[in-house]
Amino acid sequence: MADTSLRLSAGFPPTSKSPTYIRWAEELGYDAAYLFDTPFQGDDVWVQLHRAAETTSRITIGPGVLIPSMRHPLVNAANTISLHELARGRVVVGFGTGFGTQAAIGQPAVPWAYMERYINTYTALLRGEATKWDGQHIQLLLPTDLKKVLPLQVPLLIAALGPRGSQAATALGADGIIGFDQPSEHLTDYPRSMLVVMGTVLDPGESAADERVKKATLPLWALMYHMTYKMKSRDAVLELPGGKEWLDVIEKHPAHLRHLAVQTGHVLEGNEADEAAWDIAAAHTLSHATWSLPAAEMGKRVRALGDHGVSEVQFQGTGPDMRRELEAFANAVRGT
């Protein structure tokens, strides 16, 4: 029997298809859907959230997560108000330090001190206050018909993988925290605790050798190389199965362009290096690097997360048949 207290949500890159995916998620009973902040892939998180708001009526929606380096605080505050006007009571906003987006521009993750200053400015703007940024006071100067919206408070989620992030979330008065792949001790500190899982529900007899499985998991599976390269080191990648083959492709590029080669296709499609590693290592590592499991095992593992302080599971799938991915995951968790 499914744990009915566990909320289900879905996460997607912001593309022209995202509003359709969010509508499907609503139809399939998901509680929430989030879009990444990945402008390097050619689309805008706020544009697609606004489109999704116009074609849904129940599901909670929002950016998951915004990267402060991408926009002035006024821009994110204004878009929050605009989305709220289209989806009142359904908006939640997440912030993160930007592994993928910062890596794509060759920069380290946004420092937590900057995160705190930025988010405090953003929330002050939504309260209608004049607040200081870049040495000057800024404020939302709304027209008369919008002034009634302020003060606006929407649930605030912080992606925090370690103790410093959890400390920042507490200092910011966040409503919840977002973790990745496996529960951490900090999830239990928040009533709203989300865990992101990536993968696919395997049909009977399926494995990494099947083309459907490859299309549905390669970009997600490859994150173990991307994250190890960015957050640890080149030598750490060599310790991974297929790491040498992955690095051989990346290092064909000039050193100053390698970060671009790594992030090409991020979560959407495999790049040349990812393909090279897949051929060597996927058969042995798919179930360890992703949540790619048969339905019964997937459902059991997801439902058990509630015992570890998780209140919401965000499923991130990919591939050419997103409707199938969403439906299979929801059915597995519900045991249907």
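In this predicted model, Asp-134 counts as exposed because its relative accessibility is 63%, and the cut-off for that class is over 50%. The residue is placed in the loop between strand 5 (131–133) and strand 6 (136–138). Its backbone has a positive phi of about 55°, although Asp-134 is not a glycine. Most residues other than glycine have a negative phi.

A positive phi is also found at Asp-181, with a value of about 75°, and this residue is not a glycine either. Asp-181 lies in the loop that runs between strand 8 (176–180) and strand 9 (192–198). With a relative accessibility of 21%, Asp-181 counts as partly exposed, since buried residues are those under 20%.

Cis peptide bonds are considered next. Most peptide bonds are trans. A cis bond joins Gly-64 and Val-65, with omega at about 15°. Val-65 belongs to the loop between strand 3 (60–63) and helix 3 (73–86). A cis bond also joins Leu-150 and Pro-151, where omega is about -5°. The position of Pro-151 is in the loop between helix 6 (144–147) and strand 7 (156–159).

On the surface, a nonpolar patch is formed by Leu-161, Phe-180 and Met-231. Together, these residues have about 300 Å² of accessible area.

Note on methods. Residues numbered from 1 in each chain as written. Predicted model: local features only at pLDDT ≥ 70, side-chain atom pairs only at ≥ 80, totals over all residues. Heavy atoms only, no water. Patch = residues over 30% accessible without salt bridge, like charges linked within 9 Å, V, L, I, M, F, W, Y side chains within 5 Å. Areas by Shrake-Rupley, 256 points an atom, 1.4 Å probe, with all protein chains shown as cover. Salt bridge = Lys/Arg side-chain N within 4 Å of Asp/Glu carboxyl O. Helix = DSSP H or I, 4+ residues; strand = E, 2+ residues; numbered from the N terminus. Buried < 20%, exposed > 50% of the residue type's maximum accessible area, 1.4 Å probe, protein only.
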